[in-house]
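Try each task before reading its solution.

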Amino acid sequence: MYQDLIPYGWNADFQAAFLPFKAQGFLPGRVIAEHRQHLIVITPQGENLAVVSGKLRYRAQCRADYPAVGDWVVLSPFQNGERSKVQAVLPRQTRISRKAAGEDMSEQIIGANIDTLFIVSSLNQDFNMRRLERYLVLAKNSGAQTVLVMNKADLCNDIPARLAELSTVTQEIPVLVLSALDPESVVPLREYLAPGKTLAMIGSSGVGKSSLLNALTQQQSQRVQPIRQRDARGRHTTVHRQLFLLPHNQGLMLDSPGIREIQLWEGGEGLDAAFSDIQTLVSHCRFRDCRHEKEPDCAVNEALGSGILDKKRWRNYLKLSDETLYLEQRKAQMREIQTRIKAKNQYKKARREALYGYLIKR
């Protein structure tokens with residue numbers, strides 16, 4: 001066991017996965033920051049710069065196969081001043097991911113091997129229930145424990161009303177109400193800190209993630225900016241993902257740039273879990289293939305009519321269902337294209353080898 005790596009989350013599972021590489025003389029390391037040209041990794045020899053090896057680039061099938069912040073990686077030995085090379089990525093225990101922005105049909109890993117995920121939102125005018133539902137689907141698919149952190153309580157005039165709204169979507173998820181500017185209100189957040197545990201904060205730009213990190217570390221770890229006066233929205237401050245080692249061996253915290261465009265990478269179980277109340281209603285419909293339109297004994301329509309189910313929540317569920325269905329169709333198309341390209345390349349390789357063998361015999 002690499003004792004120096006234990007505060008960074010190294011455990012018996014990662015040790016077991018690394019054993020075959022240890023026999024080859026490689027070193028383990030964790031990615032604590034990601035930049036365009038290089039990664040910053042923590043290793044048994046200390047902090048070092050690293051780049052992805054040519055072998056890993058060749059073997060990578062998609063963007064998600066590359067190392068991300070939070071990943072444990074296999075590194076080639078290096079001397080002082082040298083950049084180490086990432087040879088492989090150890091299996092991830094959890095992964096927070098979304099679809100890359102725009103038309104890019106690839107998975108973007110926000111953070112890997114996260115134990116607890118804090119979804120940070122604001123209680124001021126930037127409060128948005130439908131956006132929170134998207135984050136909850138993303139969180140449910142990550143495999144990490146989820147906690148909803150409602151920041152900027154000092155700017156909310158009616159907290160009980162906000163909490164009543166949240167109760168319709170959060171279900172069993174813990175909700176913390178606090179203000180990053182009040183050290184006392186941040187105390188409940190510390191209950192989730194533990195040695196070797198990795199936590200992450202995600203949310204839109206300006207919800208106060210960096211301010212919360214500064215409150216937890218009790219120092220100016222990240223630069224912060226005041227909110228805009230015209231619309232009460234915060235400013236985009238954090239520019240890259242980074243893991244911070246919290247003081248007094250309290251674990252690690254991943255701070256990431258605000259998500260301006262949150263497109264889901266998958267729905268599936270995460271969508272069902274985030275909207276479990278709707279799934280329960282659907283199961284009580286008279287017909288299994290009920291379209292929830294004019295069918296008799298439709299539990300969904302009855303709930304909508306009585307006000308038990310919020311119409312906006314129902315419409316957002318339909319929107320996310322259609323979005324993830326379309327995404328699955330696009331991913332299937334991409335897999336088919338990649339399979340054809342792979343088969344074509346293999347055919348070309350076989351022809352070259354056959355021609356080379358023929359020429360050698362002559």
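**Exercise 1.** Decide whether Asn80 is buried or exposed.

*Solution.* Start with the relative accessible area of Asn80, which is 80%. Next, apply the cut-offs: buried means under 20%, exposed over 50%, and partly exposed in between, with a 1.4 Å probe and protein chains only. Asn80 is therefore exposed. Then place Asn80 on the chain: it sits in the loop between strand 4 (72-75) and strand 5 (84-89). Helices (H or I, at least four residues) and strands (E, at least two) are DSSP runs, numbered from the N terminus. Finally, look across to Gln45, which is 35 residues from Asn80 in sequence and 9.3 Å away in space, C-alpha to C-alpha.

A word on the model: it is predicted, so local features need pLDDT of at least 70 and side-chain atom pairs count only at pLDDT 80 or more, while totals for chains, interfaces and linings use all residues. Residues are numbered from 1 along each chain as its sequence is written, and side-chain values use heavy atoms, with hydrogens and water left out.

**Exercise 2.** Find which way strand 5 runs relative to strand 3 (residues 46-52) and to strand 4.

*Solution.* Two strands pair if DSSP finds at least two bridges between them. Strands 3 and 5 are joined by 3 bridges and run parallel; here Val51 has Lys85 of strand 5 as its bridge partner. Strands 4 and 5 are also joined by 3 bridges, but run antiparallel. On that side, look for Leu75 opposite Val86 of strand 5.

**Exercise 3.** Work out why helix 6 (residues 209-217) counts as largely enclosed.

*Solution.* Count first: 8 of the 9 residues of helix 6 are buried, so the rest of the structure largely encloses this helix. Among the buried ones are Leu212, Leu213, Ala215 and Leu216. Then check the surroundings, taking contact as heavy atoms within 4.5 Å. The buried residues pack against strand 8, strand 9 (145-151), helix 5 (187-190), strand 11 (198-202), strand 12 (242-245) and strand 13 (252-255). Just after helix 6, notice Gln218, with a positive phi of about 60°.

**Exercise 4.** Describe the setting of Tyr135 in helix 3.

*Solution.* Tyr135 has a relative accessible area of 3%, so it is buried. Leaving aside neighbours within four places in sequence, its contacts include Ile119, Ile202, Ile259 and Ile262. For the polar side, a polar atom of the Tyr135 side chain lies 3.2 Å from the backbone nitrogen of Ser204.

**Exercise 5.** Which residues line the second largest cavity?

*Solution.* A cavity is a set of points on a 1 Å grid over the protein atoms alone where a 1.4 Å probe fits but cannot get out; lining residues have an atom within 4 Å of a point. The second largest cavity is lined by Val120, Ser121, Asn128, Arg131, Leu132, Tyr135, Ser204 and Val207. Strand 8 (116-122) and helix 3 are the elements that give two or more residues to this lining, and helix 3 gives the most, with 3 residues. To finish, note the volume of about 40 Å³, which is the space filled by probe spheres set on the points, joined across faces, edges and corners.

Methods
On a 1 Å grid over the protein atoms alone, a cavity is a set of points where a 1.4 Å probe fits but cannot get out, and a pocket is an open set with protein on both sides within 12 Å along at least five of seven lines; lining residues have an atom within 4 Å of a point. A polar contact is a pair of N or O atoms within 3.5 Å; within protein, one must be able to donate a hydrogen and the other to accept it, and residues adjacent in sequence count only if both atoms are side-chain atoms.
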